[in-house]
Amino acid sequence: MMMLHHLVAFSDRYPKEFEGFKSLWEGFVTEGYLGNLSNNVRLCVAIFFFLGGYGMYKQTEKGKYSLFNSVVRLFRNYWKVFVIFVPIAFIFFRRSGEDICYLSTRYDVQDVKSLITTVISNFFALSSSINSEWWFIQTYICVMLLGSVYCTLLRKNKYFAVELFIVFIIDILVRSFFPALKSVEGLNMLGNNFFYNRLLILENPAQCFFAGITFAKFDAVVKIKKKLSEIPFSTFISLLGVFAVMWCRGFVLGDLFDIVYAIAFTVTVSQFFDGVKPVKKIFGYLGKHSTNIWLIHSFFCYYFLEVTKIVYITRNVWIDLLILTVMSLAASIIVDFIFKWISVFYDKFKIWSTAITNPKVLKTGNK
């Protein structure tokens, strides 16, 4: 969903010579269905926040959650991709000129000072100028902090309806109330306040994180799936539910109810996967690489000019999406392989250094 959104939804980001997508059903493109679908699948962001909150609470429930460790883990995954792809970007993909997409000129930095500033600010996620799709890191760190506060404040609450009501109130505050505060006379200075802009003006639909916490706390996903499984042809019904969610979001209510759509989509897709095990295994494998794919894929479809031309080579959206998926997955596997061997060599280095300083420890270890 994320890759389809980025591949199709922004025509100004296409390679200059790309003439647009085509389809056997001409109306799929010309009548706007493809464009609608590409915007509609942005629901993936809400789903990710929902699942993030869900996972956070499940870890908390088991006594395994640490906000500090979660932030460190997020940065560790980010830095693995960063230290490989950022040097590649500035060394091999520095481009300039009006005849190429503006995104492919991003790494044409003219002076050392600007380069160092850019790299450092992006390394600590203070900026996303190297890859705009990395905006998510800042927002996710902030929402993890707020999620921890949310769990603490509502720890003693035993009523699902009460907590769900609070979630919808948060949705209203984040979407409408907090952003409007800076336009009130006398509160204009809020627009320049760091904490206001990071903790109250969350990137929509980050509020779905709190819905994930609530549904995990009361095992609501499991309970709904259990009810679904009792319905005849539940796998097929669940698939219809997926299409119903996407249709409502695309043609009826728009993204106003993303907090509801994310829940409904997660439940119905999960129920469908339970009924079609081979499909579940495929997406499960992709899921293991999902963080790397998120961090990597936009280099291929936006920023690395020669690679971008390969991604958009066929003008068939499904083949091009498959190309982008395979390339991103392969890159993820390579990144994991590199750091696996770095870890192996690091362990061997520790043994070697221990042998020099204390040979007896090495002999004991070998035994």
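## Confidence and ground rules

The protein has a mean pLDDT of 90, with 98% of its residues at 70 or more; pLDDT is the predictor's confidence in each residue, from 0 to 100. Among the elements, α10 has the highest mean pLDDT (96), while helix α18 (residues 359-366) has the lowest (58). Where pLDDT is low, the predicted coordinates should not be read in detail.

This is a predicted model, where local features need pLDDT of at least 70 and side-chain atom pairs count only at pLDDT 80 or more, while totals for chains, interfaces and linings use all residues. Residues are numbered from 1 along each chain as its sequence is written, and side-chain values use heavy atoms, with hydrogens and water left out.

## The overall build

Let's start with the whole chain. The secondary structure comes to 18 helices and zero strands. Both kinds of element are DSSP runs numbered from the N terminus: helices are H or I with at least four residues, strands are E with at least two. Along its principal axes, the C-alpha trace spans about 65 × 60 × 55 Å.

Of the 367 residues in the protein, 41% are buried. Here, buried means under 20% relative accessible area, exposed means over 50%, and partly exposed is in between (1.4 Å probe, protein chains only). If you take the contacts between residues at least 6 apart in sequence, 74% of them join residues at least 24 apart; a contact means heavy atoms within 4.5 Å.

## A nonpolar pocket

Now for the second largest pocket, which has a volume of about 260 Å³. Rolling a probe the size of a water molecule over the atoms shows where empty space is left. The search uses a 1 Å grid over the protein atoms alone: a cavity is a set of points where a 1.4 Å probe fits but cannot get out, while a pocket is an open set with protein on both sides within 12 Å along at least five of seven lines. Lining residues have an atom within 4 Å of a point. Grid points are joined across faces, edges and corners, and the volume is the space filled by probe spheres set on the points.

The lining has 14 residues, and L146, Y150, I170, F178 and F210 lie nearest the pocket's centre. At least two lining residues come from each of α7 (136-153), α8 (160-181) and α9 (194-200), with α8 giving the most, five residues. By class, the lining has 14 nonpolar residues, no polar ones and no charged ones. Ala, Val, Leu, Ile, Met, Phe, Trp, Tyr, Cys and Pro count as nonpolar, Asp, Glu, Lys and Arg as charged, and the others, Gly among them, as polar.

## Two buried residues

T214 sits in helix α10 and is buried, because its relative accessible area is 0%. Leaving aside neighbours within four places in sequence, T214 is in contact with Y150, F160, E163, L164 and V167.

E133 is in the loop between α6 (112-123) and α7. With a relative accessibility of 7%, E133 also counts as buried. Its side chain makes a polar contact with the side chain of Y303 at 2.9 Å. A polar contact is a pair of N or O atoms within 3.5 Å; within protein, one must be able to donate a hydrogen and the other to accept it, and residues adjacent in sequence count only if both atoms are side-chain atoms. Not counting residues up to four places away in sequence, E133 touches H6, R13, W294, S298, Y302 and Y303.

## Out on the loops

E19 lies in the loop between α1 (2-8) and α2 (26-30), and its relative accessible area of 66% makes it exposed. The side chain of E19 makes a polar contact with the side chain of R315 (3.4 Å). K62, in the loop between α4 (43-61) and α5 (67-92), counts as exposed at 62% relative accessibility.

Most residues other than glycine have a negative phi, and most peptide bonds are trans. N204 and P205 are joined by a cis peptide bond, with omega about 15°, and P205 is in the loop between α9 and α10 (208-217).

D219 has a positive phi, near 50°. This residue is in the loop between α10 and α11 (220-229) and counts as partly exposed at 30% relative accessibility. F233 has a positive phi too, near 55°. F233 belongs to the loop between α11 and α12 (234-252), and at 71% relative accessibility F233 counts as exposed.
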